[in-house]
Amino acid sequence: MWQTIKNAFSDKGIRSRIFATFGILLAFRIGCWIPLPGISVDFYSTQFGGGEGTNNQIFQLLSMMSGGSMQYLTLFSLGILPFINSFIIMQLLTLIIPPLERLSKQGDEGRQKITIITRFVAIGLAVVQAIGIVVAYKDYLDPMFGEAKGWLTALMLIALLVAGSTIVMWLGERITELGIGNGTSLIIFSGILSSFGLALVNTIPQIQSDVTKIWNLIGYIIIVLLLFAFIVFVDGGERRIKVNYAKQVKGNKMYGGQSTFIPIKVNSSGVMPIIFASSFMTIPLMIFQFAGTDSQHYYNYLTFCYPGTTGSNWQWVGWVFYYLVMLGLIIFFAYFYAQIQFNPQDVARNLQQYGGTIQGIRGGKPTSDYLAKINNRIVLFGALFLGFIAIIPAALFQLIGADLGINNAISSTGMLIAVSVALEFNKQLEGQIMMKHYKGFLK
């Protein structure tokens, strides 16, 4: 990796792209510290200052993904999340709506049209999320335009939140165009790392007042590093199915007679099953919060069913039920996403068309059945891995980091995203360097 970075900085063109990437990310981080007018300071102390509202898990998750900007309700509070949700929605709609499916098969022109639709859907989702934030916390709005015109403050906040999300979406596209790697992924990556760094910095005053807490911090960091290493190890794992191609004579030339393999990744669906499962698990909490955070139903749900809260001797039963449902959803979405990404029938058809066979397996349906069986086994292992990453670290972080207030500094989803983006960025750098070498060879 270090050799790749050294070679990248030695080339002027690649170096310019790297600086462009970091420059745009710097602009994003600056926007994450521009506060929005019209919000009472009590909002911060209630939601993130350690009071009763500290249990607001949804806002803590959004704050981590946006690099802390949601925590202080800044210009980029919504971040890139509306665009990500829009992208996921468009991916699913492309599979079930024939016009969108035809557009996806029309090459660059069709993909550009889908991208434009995705942008408009993202803006619509940003409007809905901004309205939800303002409505949920209307009691904390300062009526800047007078008591009778507090709605103007709300409209101004909605407009600024949507504008900030649109700017972040534009910055992500500029990184993809002018920099290196996927701009959306890098923006999320920078947000996760900055949130984690801020959380570690905030532990310094607590350690100064109680030196023994440094062992909690050391243990927390060791667990994070071990989990990162485990994720990297599994992320690179794949099952290689050997394929032999028969020799074919076409004219005066002979083709085939070679061997290759079909790679099936252990965690081919990436972080998507955890994201989908987490979204489903936060729906009840969101409903109770909109109904009123001071209601008895909201308190009962947090006490008995939501991990990380205290208040009952039997709360562990609710936690076990919560994690079992979470694991079931992760397995379901892992299989669902695998069906979208890997089609054994198409692979078997292509192998038969080009004279490829798997050793010991007949072509056609036996090949597709064999591939489906192998894929299902690997998907199950990948789903269990995702379930382990989603559940065990959360319990360990709660046990070790709760005293320092860093139990939510980084989540399993954040770690998976960070590893995936870092590995992809390294591959992009290697690809840029290799392309430069090929250009020099052709000259």
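**View 1. An open sheet of three strands, ordered β4-β1-β5, is paired antiparallel.** Strands here are DSSP E runs of at least two residues and helices are H or I runs of at least four, both numbered from the N terminus; two strands count as paired if DSSP finds at least two bridges between them. The edges belong to β4 (259-265) and β5 (356-358), each with a single partner strand, so one side of each has no neighbour in the sheet. On average, neighbouring strands are turned by 40° against each other, direction ignored (axes are lines fitted to C-alpha atoms, for helices over the stretch in contact, with angles from 0 to 180 degrees between N-to-C directions). This is a predicted model, in which local features need pLDDT of at least 70 and side-chain atom pairs count only at pLDDT 80 or more, while totals for chains, interfaces and linings use all residues. Residues are numbered from 1 along each chain as its sequence is written, and side-chain values use heavy atoms, without hydrogens and water.

**View 2. Strand β1 meets β5, with a helix packed on the sheet.** Three bridges join β1 (residues 238-245) to the antiparallel β5. Look for Tyr-245, which stands opposite Gly-356 in β5. Helix α16 (residues 344-353) touches β1, β4 and β5 (contact: heavy atoms within 4.5 Å), and its direction makes about 125° with that of β5.

**View 3. The largest nonpolar core has 74 residues.** Such a core is a set of buried Ala, Val, Leu, Ile, Met, Phe, Trp, Tyr and Cys residues joined through side-chain atoms within 4.5 Å, where buried means under 20% relative accessible area with a 1.4 Å probe, protein chains only. Ile-80, Ile-187, Phe-397, Ile-410 and Leu-416 touch the most other members. Helix α8 (residues 150-178) gives the most to this core, with nine residues.

Notes. Buried means under 20% relative accessible area, exposed over 50%, partly exposed in between (1.4 Å probe, protein chains only).
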